[in-house]
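Thanks for coming. Please have the sequence and the model open.

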Amino acid sequence: MTRASLPPNPEPGLNQPVTPELVSRHGLLPEEFGRIRGHLGRDPTLTELGIFSVMWSEHCSYKNTRPLLKGFPTERRAPAGGYGRVLVRAGEENAGIVDIGDGWAVAFKIESHNHPSAVEPFEGAATGVGGIIRDIFTMGARPVLVTNSLRFGELENPATRRLLRGVVAGIAHYGNCVGVPNVGGDVYFDRSYEGNPLVNALCLGTLRHGQIRRGKATGLGNPVYYVGAATGRDGLGGAAFASRELSAESASDRPAVQKGDPFMEKLLIEACLEMMAVPGLVVGIQDMGAAGLTCSTCETASRGGAGIEIELDRVPQREAGMNSYEIMLSESQERMLVIVQAGREREIEEIFAKWDLHAARVGKVTDTGRMVVTHHGVPVADIPASALTDGAPVYRRQARRPAYLDGTSRWTPEAAGLADLDAAGARDALPRLLAHPTIASKRWLYRQFDHMVQHGTAVEPGSDAGVVRLRLGGREKFLAVSNDGNGRYCYLNPRRGAAIAVAECLRNLACAGAAPLAMTDNLNFGNPYKPESFYQLSECVAGLAEACRFFDVPVVGGNVSLYNESPEGAIDPTPTVAVVGLIEDEAHITRQFAPAGRGRLILLGGAPAELGGSQFLGIVHGLKTGDAPALDLAAEKRLQDFLLAQIRAGRVSAAHDLSEGGLLVAVCEMLFGPGDPAAALDLSGLPAPRLDALLFGESQGRAVVAAAPADEAALLAAAGGAGVPAAPIGELTGGGALSVRTAHGPIEWPLAALRAAWETSIERAMARPGIG
Amino acid sequence: MTGAAMNVAVVQFPGSNCDQDAFQLFAGGLGLPTRYVWHKETRLGDAGLVVLPGGFAYGDYLRCGAIARFSPVMGAVREHAQRGGLVLGICNGFQILCEAGLLPGALIRNSSLEYRCMTCELAVMDAGAAFNPGALGARIRLPIGHGEGNFRIDGPGRAGLEARRQVLLRYCDNPNGSLDDIAGVRNEAGNVFGMMPHPDRAFERFHPSRDGLGVARAILASGFPEFARRIA
């Protein structure tokens with residue numbers, strides 16, 4: 001069908017013909033342009049072309065990943081203990097929502113701001129935090145915690161230090177001011193992220209079931225309000241920018257990076273929650289994040305099965321002379337779209353006046369199914385709303401197994417002739433591992449984040465999981481959150497590496513005493529048009545889905561960030577995973593830090609001899625090779641169930657999972673807490689074909705627990721009954737040394753030196769002369 | 001002041017984010033009648049203690065507290081202080097009280113040029129009958145969370161603070177470069193208190209300490225002899 005063209009745009013510059021070159025510069029393929037013409041029945045105007053380009057970018061449309069994501073379980077098979085039901089599923093809204101019992105729920109999601117952070121680390125990271133917080137309060141939830149998953153290049157590189165400093169300062173600037181505690185996260189340093197850091201931010205909020213809000217435009221004639229900051233020329237086309245590879249020219253994309261105003265965000269949170277608390281006032285609400293006014297209007301209309309009309313002259317603008325293309329594509333921060341019940345305009349206006357905020361009526365809900373935009377009285381865009389959302393193209397890209405996997409997956413230390421460590425070599429290796437920034441204390445980062453505001457933080461950053469107290473009416477519950485995602489494992493075995501990320505998150509939660517609720521994930525990958533990258537992506541998604549189905553942990557939302565490539569190549573495939581869990585009883589909150597005084601250390605999960613993908617291979621031998629560690633999902637589940645049962649039985653005084661760095665690093669991290677105990681280990685009874693694998697191998701499904709001597713026998717007996725391998729490996733002592741007996745001889749370290757290596761490594765790297 | 005007026009008002013500026021923390025310290029931690037006062041209000045009612053909470057009032061994009069001091073409610077806070085009423089500024093509240101001239105000194109950027117969130121050991125100074133090591137213990141532990149807590153004062157002011165025993169708390173391991181390790185001060189009259197550390201993050205079972213309760217009681221006791229007797 002051919003439709004009549006729109007009248008000329010009042011801004012003459014926007015009336016240029018839409019040439020193939022313009023289409024290509026908007027990141028659209030010729031066949032996608034054909035599809036746009038099909039939806040419109042005519043050529044798009046330049047404004048419409050811009051609208052399609054951002055809505056059909058990977059960031060907004062998931063056009064290359066949607067078929068893969070369908071493999072994720074979105075519901076829980078067996079909600080446990082009267083909670084765990086998914087109330088809002090992945091993809092339905094800005095964030096998923098899960099029941100936590102007693103009429104309460106949590107909304108949470110993780111989202112990336114990788115490309116902006118690569119170009120402008122401070123503002124990129126800051127607005128990443130702002131964006132994810134808006135996604136959560138948009139659902140009607142009060143944000144109660146944030147966490148981050150961060151990946152950087154090697155810290156020896158000055159460019160990495162600049163990025164790290166900027167990203168951390170940006171997260172701190174925004175999150176601290178808004179007043180949402182930053183209770184945890186994970187950070188890795190690896191050359192593959194050089195020039196393309198990953199900045200993934202998670203936010204979680206709490207709400208009553210009845211407070212859930214939707215991003216839906218319904219009710220013919222209902223007014224559409226624009227609230228929050230005015231629209232400027234910043235962040236033009238940021239979603240499209242995020243859907244390209246980074247290049248030497250990316251720095252000139254800096255105008256595509258937005259600037260955040262956390263004070264405005266704080267006011268918006270309070271005003272919006274106040275507004276949403278008024279029964280029946282708000283019909284629908286959505287934040288203006290990626291693709292700004294464009295995305296919020298067409299998505300709300302599409303979800304509501306309605307149409308929407310907006311007049312750009314009514315949009316609050318930061319500068320004069322903005323044209324329709326700029327206003328529609330601006331990604332200025334701290335803006336929301338609210339559909340209000342007709343006749344109740346004064347109520348919303350009064351609330352926003354109280355908070356000294358803009359609340360501008362910019363349009364209305366229609367029944368045409370179309371998104372109609374007018375400027376100076378002239379229609380400048382007229383598009384079926386669903387064409388921008390459900391009508392986006394969907395691709396199944398070509399996948400090809402990367403050739404390097406043939407070599408890495410067959411690698412073994414024996415075949416490579418890698419000499420084992422002797423006792424002296426092991427003594428040298430441990431402090432090197434502890435000082436590597438991936439393993440070292442992240443205190444330099446988290447002491448810059450306010451992790452205590454809202455006075456609910458029960459376990460501060462630095463333990464296996466962050467824990468916050470939730471006040472739910474008259475009741476209290478505790479919520480634990482853990483982030484994981486080992487890109488090295490995913491590089492060596494995408495499917496298993498991704499499954500390990502899920503398993504490790506759940507193990508962290510079990511160590512903290514929490515039963516898992518649900519997961520959110522951020523898929524950080526390279527260019528999906530490259531078959532090797534797409535292979536990594538599809539295998540990782542399959543691995544995540546398998547693990548989630550096995551553990552009955554639904555995926556309730558997340559984010560996809562592709563094109564993570566710098567001129568040096570793609571990043572390691574990095575799905576970052578975050579799982580949240582519940583602790584019903586405060587007494588069951590467990591930390592990784594062994595207490596002072598007498599106690600036994602027990603290794604759970606055995607000691608297989610694996611070295612593949614370990615930090616040890618990377619740090620000591622400069623190798624990123626071998627297969628990722630084996631993963632036995634059933635054994636993992638037995639371990640987690642056992643940990644939870646023993647914690648609930650009161651037999652565990654500290655628990656810590658084994659991950660990067662293996663057994664000795666895990667034991668050290670248990671000793672580096674406030675109790676400052678020492679330990680004497682005897683590993684001579686464990687099978688150890690190789691000393692390096694015994695001490696530093698990263699076999700999965702393992703944890704170390706500390707128990708009072710009186711509880712040891714019962715704990716070991718219970719392990720036998722549960723089918724969990726358990727081996728007493730030593731004692732907590734005084735005396736300030738870590739001593740280890742092995743079949744290869746005794747080794748001893750002064751703990752103070754180990755602790756200093758671990759605690760101050762990043763601080764020393766980041767120190768600036770004359771400042772302190 | 002009598003026991004009848006022993007209720008607490010927590011001021012909410014736009015950008016306050018520890019208002020609920022302060023509220024819970026007094027309402028939940030001490031069980032006192034506590035209410036919020038919006039920054040546009042010009043009366044404080046019958047409040048015995050007025051708390052200016054932590055946060056980033058008006059965004060603090062200028063000097064911390066530089067805008068908040070002009071807030072409508074600050075006229076009432078000033079009158080309350082002048083009448084001898086108790087005022088406590090925590091973190092951003094301390095910065096606002098300094099900007100408003102209700103407390104001596106100023107708070108500038110941390111010497112690290114970075115925000116610091118951590119738990120600090122503090123030495124309790126002898127700052128009068130209610131606030132002294134005898135009442136609180138020689139050492140307490142309270143969290144801090146600030147980017148601008150580096151206390152500064154001119155020479156005569158510094159000498160005056162010491163001479164009049166106006167220093168409440170000193171850091172044992174200075175986290176921000178504060179002059180003389182000063183973490184909290186009172187005014188000369190002894191009814192206006194300011195501190196960078198957060199007693200409102202140290203009162204629940206799972207907090208790093210519960211020393212915030214003692215600090216709050218000490219401040220209340222200095223203005224409410226009856227309260228001091230009751231909690232003694």
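This is a predicted model: local features need pLDDT of at least 70, side-chain atom pairs count only at pLDDT 80 or more; totals for chains, interfaces and linings use all residues.

Start at helix 10 of chain A, residues 262–276.

Next, strand 7 of chain A, residues 223–228. Here 6 of 6 residues are buried. Which strands does strand 7 pair with? One partner is strand 11, residues 358–366, in the antiparallel sense and over 6 bridges. Within that pairing, A:Tyr225 stands opposite A:Arg361. Another partner is strand 10, residues 335–340, again antiparallel, over 5 bridges. There, A:Gly228 has A:Arg335 as its bridge partner. As a reminder for anyone looking at the side chains, in a regular strand they alternate between the two faces of the sheet.

Now chain A as a whole. The count of elements is 27 helices and 28 strands. The C-alpha trace spans about 85 × 55 × 55 Å along its principal axes. How does the radius of gyration of chain A sit against that of a compact globule? For 772 residues the globule would have a radius of gyration near 28 Å, and chain A has 27 Å, so the two agree. Of those 772 residues, 62% count as buried. On contacts, take those in chain A with a separation of 6 or more: residues 24 or more positions apart account for 83% of them.

That leaves chain B and where it touches chain A. How many residues are in contact? On the chain B side there are 25, and on the chain A side 22. Three elements of chain B each give two or more residues to that side: helix 1 (19–29), strand 6 (116–124) and strand 7 (139–146). By type, the chain B residues that touch chain A divide into 10 nonpolar, 9 polar and 6 charged.

Last, confidence. The predictor gives the complex an ipTM of 0.96 and a pTM of 0.96. Chain B averages a pLDDT of 94, and 94% of its residues score at least 70.

Key:
Residues are numbered from 1 along each chain as its sequence is written. Chains are lettered from A and ligands numbered from 1 in the order in which they are written. Helices (H or I, at least four residues) and strands (E, at least two) are DSSP runs, numbered from the N terminus. The radius of gyration is taken over C-alpha atoms; the globule rule is 2.2 Å times the number of residues to the power 0.38. A residue is buried if 20 or more other C-beta atoms lie within 10 Å of its own, exposed if 12 or fewer, and partly exposed in between; C-beta atoms are placed from the backbone. Two residues are in contact if their C-beta atoms, placed from the backbone, lie within 7 Å. pLDDT is the predictor's confidence in each residue, from 0 to 100. The expected span of a helix is 1.5 Å times one less than its number of residues. Two strands pair if DSSP finds at least two bridges between them. Ala, Val, Leu, Ile, Met, Phe, Trp, Tyr, Cys and Pro count as nonpolar, Asp, Glu, Lys and Arg as charged, and the others, Gly among them, as polar.
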